[in-house]
Amino acid sequence: MVGFLTKFIGDSNEKAISKLRPLVAEIKAREPEFEQLSDEELRATTQKLKARLAEGRTLDDIMADAFAATREASRRTLKMRHFDVQMIGGAVLHSGKIAEMRTGEGKTLVATLPAYLNALTGEGVHVITVNDYLAKRDASWMAVIYSALGLTVGCLQNESSLIYDPSAKVEATSKKDKDGAAIFAAVAGESMRPCSRREAYAADITYGTNHEFGFDYLRDNMVEDTPRMVQRGLAFAIVDEVDNILIDEARTPLIISGPARESGSEYRRFSALAKRLEKQSHYTIDEKQRQISLTSDGIAMVEKLLNVENLYDPQHDALTHFVENAVRAEALYQKDRDYVVQDGEILIVDEFTGRLMTGRRWSDGLHQAVEAKEGVEVRRETITYATITLQNYFRMYRKLAGMTGTANTEAEEFFKIYKLEVVLVPTNKPMVRVDGADLIFKTEQAKWDSAANKIKELHQVGRPTLVGTTSIEKSEMLAALLKRKGVPHEVLNAKQHEREAHVVAQAGRAGSVTVATNMAGRGTDIILGGNPDALGIPREEWQTEHDRVVSLGGLFVLGTERHEARRIDNQLRGRTGRQGDPGETQFYVSTEDDLIRRFGGDRIKGAMNLLGWEDDVPIENRMVSKSVEAAQTRVEGHHFEMRKHLVDYDDVVNTHRDVIYKLRRRVLHGENLRPTVTEYVNKELADIVAARLKGDSSSWDVPGFQKELGTVFPVQDVLKTEDDILGLQTNEVESQVLEYAEKTYDQRELEFGPETMRQLERAIMLRTIDQEWVEHLTAMENFRQGIGLEAVGQRDPLVQYKRAAYDMFQALVTRVQSNVARTIFRVALSQPAAQGQGQQATRATVAQAQARAVPGQAPAAISRGQAVPATGPAPAASSAKAAQVISGRPSVMASVARGHGMDTGAKGKVGRNDPCTCGSGKKYKKCHGTA
């Protein structure tokens, strides 16, 4: 039926390819013209194409010329001329689709076509690979093409960054493997010199792994000043082995996290302290706001017990946090009302439904304070500072493309998640590989014995064999079996990328046996007869061995088990038969294999027992093979649902992340924040008036209003007495308060100076946003872990999660606004005497809660996070440094990303005793290198 419909309406894939064939003809027609150009003229083509773009032409308009130039540059530098099908593959990638190209069709070279074309916009192109070795290999290998066309190439590595520099020729280092044979990392690292992360991203084309790009995006949104941001936008990405990165690795989100610094002993210590404090005399409770405020006697008591002079000194800000949480846990949170103790664990009780909220934990150390109060184990928090799924990261690129040998089986997921279509690109030469039917054994032991015998037989005749296994454990088990049979072999398991790529590249040598996990060495071609360049043998000797292997039937790929995903099996099959080479594949499976056992293996085994089938005699049955493929399809569907589930929940957080990161970037980019801060102050004051002075004046909470007003700014010249307030209407009170706030703001700006005030606003905004965002992420993660229980009440967990997440985000925004409003008037500046040669330094210090506050109000009226401690001088030349000094220390997120974006240059990593690159004059370990 499918075949009939295809004949009737046509094959959509063939239609897509047919549309691109005229482009190939056009490129061919221009080839003689580009062959006549000198090297300088060829390099000048880049500027000519950029000029055409500037005149209003599109990338599609100049594609033929760009592809022709790239082909010519490749022919001159690498002696490799792009095949016509590679031109088609390049056009598919440029159109923002996935090009499925068989193994050995030269995908690495194909990527140079759209990479060069899109780099002409000046926005940068990211080429993403599966590991550091391939990123470095491909960057240095293809860089000669880009360099010949006048483009720059960067490369990201785990702990370093590189840039291609043809003048800095680096000799390829040789190593020795366990047998003493030389290992050459092809051209990996050749002519690549160390550079800063920012310089690598500033290159026209940047190679790296998905983790490096993703984590750099997160760190860019954690730094405290814009010069430390390294990425310059997400314009176009080409993902190599796209199924591995966007499908397999997308199951796990990228997370930057770390343990909380507080220890259980500290919580228990402060819990004991809180039990000694008495209500009213030592603290007061605001039941509605669920907050506590220490009185003057309470503060004196705590300072005595802790043996500190001033609890609210900036150096003791952590103590304030511990005290407040301990008192809140003791006074506000009641057992069997707010929580229950069950099996040594604190379980939160939902205040609306009365249900136990399994998996939920209060944030910011409150849960640990309650655990300490009840004497159960205090579990250390893991704080999430930043997180994003790979799906949401890659969907941020304006244009995304990918290439792999196996994508068609996952075409539905690629389209639903990433809006990517899959196009099957034809091979350069006809495929002559023979795919044998599965051999099905009754027992697993019989399968392994038969596979080992087959491998020995192939080795004896000199035919190279690649054996694929589904796990490292099974690779080692088969290796032990082959050792007992006296078969020399190599074992790989995707751990040592450089050696792995070398060994896989030589898996086509006569008589070689390579046992590997199915994914090992992915991205590396297997050349029949071995890779002559890496072997360092004369071409004639290699040709003789190549011809011998071809006469034996080429590489034999033996799969020892069906993988859960069909594309992994297809990837293994694709290791042989490259560029028209002969090859053969076959899978050995048993009824005891995990996949078959889960989907009817017992029935097959029972039938074989009933027929008296011998253990070492396999069967070839089309129906059984089809049932295995059906089982694979079901498992693939299950995994797709799991990944979609992950994306559905991260999409909720992603909307929050977009808002917060945009706000954070506004702060970092130096926008005038006074209108924003003024808006926050006005809203906070209006909320205070509305909450305390509602209804008739006889019901107004005037003392509470005065007390709370004093937490925003020192009330000196407005509404001093209760009579002043009661003699006004609510709107008149609000008007006077807002007018006084504006006047006070103007006075402080006059006192500090406009530049310092802008720095102060940025510092306060940044610290408040970061603190609240980290706590929000933790709360969201804790909430998500227990949301599945909503299904018990016949409610959709995702719908409930979205509803609760909306409320939680609104609360986050409110807290940010409130904390900024209650901090901006609480910071005082002092001008120390001139030092040295007349240099002036501005020191920012926190006004303690009692400073300029309502007389008699305790410092605890200002909650944690509303005061901005400050130490150290602020050099006038560095606005960012001044902002850091005003804020006292970096925000919680900035402290985690301290080393990110520092220009280490050719030195690589900064030494602990080296001067800090921020210009403070301190040693790195004493400045941005502190833990």
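Start by selecting Asp 593 and Lys 447: their side chains make a polar contact at 2.9 Å. A polar contact here is a pair of N or O atoms within 3.5 Å; within protein, one must be able to donate a hydrogen and the other to accept it, and residues adjacent in sequence count only if both atoms are side-chain atoms. Before going on, note that this is a predicted model: local features need pLDDT of at least 70, side-chain atom pairs count only at pLDDT 80 or more, and totals for chains, interfaces and linings use all residues. Numbering runs from 1 along each chain as its sequence is written, and side-chain values use heavy atoms, with hydrogens and water left out.

The backbone nitrogen of Ser 590 lies 2.9 Å from a polar atom of the Asp 593 side chain. Asp 593 belongs to the loop between strand 25 (583-590) and helix 24 (594-598); helices (H or I, at least four residues) and strands (E, at least two) are DSSP runs, numbered from the N terminus. Is Asp 593 buried or exposed? Its relative accessibility is 2%, so Asp 593 counts as buried (buried is under 20% relative accessible area, exposed over 50%, partly exposed in between, with a 1.4 Å probe and protein chains only). Not counting residues up to four places away in sequence, Asp 593 touches Glu 444, Lys 447, Thr 560 and Glu 561, where contact means heavy atoms within 4.5 Å.

Asp 343 has a positive phi of about 55° although it is not a glycine. Look for Asp 343 in the loop between strand 13 (339-342) and strand 14 (345-349); at 80% relative accessibility, it counts as exposed. Then jump to Lys 419, another residue other than glycine, with phi near 60°. Lys 419 sits in the loop between helix 17 (411-418) and strand 18 (422-424) and is exposed, at 58% relative accessible area.

Now select residues 12-35, which form helix 2. This helix has 24 residues and reaches 35 Å from first C-alpha to last, close to the 34 Å expected at 1.5 Å a residue (the expected span is 1.5 Å times one less than the number of residues). Zoom in on Ala 29: a kink of about 30° lies there, shortly before Pro 32. The bend is the angle between axes fitted to the seven residues ending at a residue and the seven starting there. Buried residues of helix 2 include Asn 13, Ile 17, Leu 20 and Phe 34, and the helix's buried residues pack against helix 3 (39-54), helix 4 (59-77), helix 5 (84-94) and strand 18.

Ten of its eleven residues are buried, so helix 5 is largely enclosed by the rest of the structure. Among the buried ones are Gln 86, Gly 89, Gly 90 and His 94. Just after helix 5, Gly 96 takes a positive phi of about 80°.
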